[in-house]
Amino acid sequence: RMFVQVCLYFYCKCLWRCLKFVVRKLTGRCELQRICYNTKPGAARTMKIGNWSLPLCFLPRLQTSVSVHPDAIEKTIDDIMELKRINPDINPQLGVSLQACLLQIVGYRNLVAEVEKLRREPYDSENPQHEEMLLKLWKCLKPNSPLKARISKQWCEIGFQGDDPKTDFRGMGLLGLYNLVYFAEWDTGIAQQVLSDSLQPKYSDSFSPLPSQFSKAEWEKKKFDKAIGYSFAIVGINITDLAYNLLVSGALKTHFYNVAPEAPTLTHFQQTFCYLMHEFHKFWIEEDPLDIMEFNRVREKFHKRILKQLQNPDMALCPHFAASESLINM
């Protein structure tokens, strides 16, 4: 093992740099130029630059270029062009491509920090803004059923565990609430449909999760199978945890670099959460678990499926966020 590490170090520090020098002399282009000109925009290009080319460069100023402040990106690109001895007038497209890649790289890092901040902030029932968001969640999901009291058994109707939802947000903090409200507010029809199915799954002429696998008679029979149901809000917080882990581990870089032309934002993360929610809903029905005690098994299997998809550098989980359309036309 020590021998392999020494060989790898020698390759990265010496042989690889010599090889790069030779290739530049032969092609007339540095590694950054070759990546930008020969690799299509998106995750494939950005990950080559952010994970390999710049961090492993022997110049410290280039190594730190992937961690600069967004406001300093233009200055950083000028420095890169100068250090690499590239004429910006002859290579104008290179600067544009590098800027897009650096915005994605820096933006992803900032998004992780923003999401982490929300996750660490606990729900505070004394905070009017927190309470307002919680009540908005109820109004979006149950517009025809007024909430009789702030502390009420009614919260169980949308999948919370007890009379006061604040205790269910402990694991994901405000992030769980933000995601649920986003799903309920911006994809209301599907959020209400998924909630309805989670409580009392039934066959519907307008909404058939798997028409190719379930006949109407089979689906009518399944409506009495309580194992198909689950606690909507609790699952939403759990899927928030899944999305958070995908983000922090870097697995979502593939997706975000392919859907965000520049810096990915919190909105991109919330759209991804919505996608994961309705994909998990379909997956849960596909798995047809014996009872709710199989939730962790189904969740882990779903997690592995998403990870496998994200290994494809061309993968975009929800390129245009047509969540409602994709569910209705399933």
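Y230, F280, F283, W284, F295 and F302 form one aromatic cluster. This is a predicted model, in which local features need pLDDT of at least 70 and side-chain atom pairs count only at pLDDT 80 or more, while totals for chains, interfaces and linings use all residues. Residues are numbered from 1 along each chain as its sequence is written, and side-chain values use heavy atoms, with hydrogens and water left out.

Aromatic pairs are described here in detail. A pair of aromatic rings is described by the distance of the centres and the angle of the planes. Rings of Phe, Tyr and Trp (its six-membered ring) pair if their centres lie within 6.5 Å; planes under 30 degrees apart count as stacked, over 60 as edge-to-face and the rest as tilted. The structure holds 16 aromatic pairs. One of them joins F160 and F169, with ring centres 5.6 Å apart. The planes of F160 and F169 stand at 65°, so this pair is edge-to-face. F160 has a relative accessibility of 4% and counts as buried. F169 is buried too, at 2%. Buried means under 20% relative accessible area, exposed over 50%, and partly exposed in between (1.4 Å probe, protein chains only).

For F283 and F302, the ring centres lie 5.6 Å apart and the planes meet at 50°, so the pair is tilted. This pair links distant parts of the chain. F283 sits in helix α13 (residues 266-287) and F302 in helix α14 (residues 295-310), 19 residues apart. Helices (H or I, at least four residues) and strands (E, at least two) are DSSP runs, numbered from the N terminus. Both F283 and F302 are buried.

Charged pairs come next. Side chains of opposite charge can pair when their charged atoms come close. A salt bridge is a side-chain nitrogen of Lys or Arg within 4 Å of a carboxyl oxygen of Asp or Glu. The structure holds 15 salt bridges. One of them is formed by R119 and E116, whose closest N and O atoms are 2.8 Å apart. Both residues belong to helix α6 (residues 92-120). They are three residues apart, and therefore separated by about one helical turn. E116 counts as buried, at 16% relative accessibility.

R150 forms a salt bridge with E131. The closest N and O atoms of this pair are 2.6 Å apart. The pair links distant parts of the chain, 19 residues apart. R150 lies in the loop between α7 (128-141) and α8 (173-186), whereas E131 lies in helix α7. R150 is partly exposed, with a relative accessible area of 22%. E131 is buried, at 16% relative accessibility.

R297 and E294 also meet through their side chains in a salt bridge, at 2.7 Å from N to O. Salt bridges with shared partners join E287, E294, R297 and K301 into one network. Within this pair, R297 is partly exposed at 38% relative accessibility, whereas E294 is buried at 18%.

Most residues other than glycine have a negative phi, and most peptide bonds are trans. R85 is not a glycine, yet has a positive phi of about 55°. R85 is found in the loop between α5 (73-83) and α6. At 77% relative accessibility, R85 is exposed. D288 is likewise a residue other than glycine, and its phi is positive, near 50°. D288 belongs to the loop between α13 and α14. D288 is partly exposed, with a relative accessible area of 31%.
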